[in-house]
Each structure stands twice: as C-alpha cells, then as structure tokens.
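These are my notebook entries on a structure that I looked up. I began with the strands and then turned to the pockets.

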Amino acid sequence: MRRFSVAPDVVYDAFTNPESMRIWWGENTTFDIDLRVGGRWTVIRREDDTEYLATGEYLVVERPSRLVYGYGMPQFSPNTDTIWIDIASDEGGSVVTFEVSGEDIAGELREVPEGEISASEDGWRQGFDLLDAAWSESLSDSQQGP
C-alpha cells in the first residue's frame, strides 16, 4: 500500500495515460493504449541499444478506483502475470493498493532470500518513487505561485 498527495484521477492516469506514464517510464518510451476491458496495451522502452517490451490486456477498467490488467514481457517469459491496482481517496490524496499475481512473480518470490525484496518489487518501488517525486514537485510549484 502506498499513499500519494494527489487525487485518485491523477494516480489512475499514471497507469493509463501515455503523457502521465512517461513520468516513470521515461522519455525513451512509446505507448499503445486501448483502455477498455479486452483492450490491449503495449509499452516499448529503449535503454541504450536494447528494447524492452511490456504488453497485456485490460481486464477491469473502473476510473478512478480500479484497474486490473495482464502484464507480460515476452522477451523474458511466455507467461502473463496479473496486476491489481485499487485507488481510494484519502484526506486530499490517494491510497494505492498494488498487487501482482501469477506464475512469473511467484517463481521470482520463491527465489528471494529472507529479508530481501525481489527485483520486481524494487522496480515498482522505484517507479512509485519517481511518481511521488514528480507529484510533490508539481504540488510545491503550484503552492508557490507565479
């Protein structure tokens, strides 16, 4: 669970709107989003000479409170995990509950030494940290005024 100082709509957009997604995916990323139940999404991120492809299908689309979708990276595995995101309004901000389930994440978690976190969890935390920093900076700028 993670708390952010922005409204649920802003958090939802960070998972569904390419302009908002770029905050944490980076500038060298392209997006193809068909935001509807049964719609497909594809994200291609370039790092140096390597392209990373993430793709999936939307299973639940309930703006701004819930998003469930398949998540796969075909160059690493033929499997698709499921990501569950629940967003609740909380005292002028949002509380996000984020869960990943499926064969790949289960296998990864089995290999994590006790007291450590998985590479996937570390990656998601880094992404959430980038979002939080961008939103905090934006909030600070808007409070300072012109």
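Which residue in the turn of the hairpin that S6 and S7 form has a positive phi? I found that this residue is Glu91, with a phi of about 45°. The hairpin of S6 and S7 has two residues between the strands.

**Entry 1: the model.** I noted that this is a predicted model, in which local features need pLDDT of at least 70 and side-chain atom pairs count only at pLDDT 80 or more, while totals for chains, interfaces and linings use all residues. Residues are numbered from 1 along each chain as its sequence is written, and side-chain values use heavy atoms, with hydrogens and water left out.

**Entry 2: confidence.** I looked up pLDDT, the predictor's confidence in each residue, from 0 to 100. The protein chain averages 92, and 95% of the residues score at least 70. Confidence is highest in strand S5 (residues 66-71), at 98, and lowest in H4, at a mean of 82. Helices (H or I, at least four residues) and strands (E, at least two) are DSSP runs, numbered from the N terminus.

**Entry 3: strand pairing.** Two strands pair if DSSP finds at least two bridges between them. I recorded that S6 pairs in the antiparallel sense with S5 over six bridges and with S7 over nine bridges. Gly70 has Thr82 in S6 as its bridge partner, and Ile85 stands opposite Phe98 in S7.

**Entry 4: the largest pocket.** A pocket is an open set of points on a 1 Å grid over the protein atoms alone, where a 1.4 Å probe fits, with protein on both sides within 12 Å along at least five of seven lines; lining residues have an atom within 4 Å of a point. Grid points are joined across faces, edges and corners, and a volume is the space filled by probe spheres set on the points. I read about 820 Å³ for the largest pocket. Its lining has 28 residues, and Tyr71, Met73, Ser120, Gly123 and Trp124 lie nearest its centre. H4 gives the most to this lining, with seven residues.

**Entry 5: the second largest pocket.** I read about 340 Å³ here. Of the 14 lining residues of the second largest pocket, Phe98, Glu121, Trp124, Arg125 and Phe128 lie nearest its centre. Strand S7 (93-101), H3 and H4 each give two or more residues to this lining. H4 supplies the largest share, five residues.
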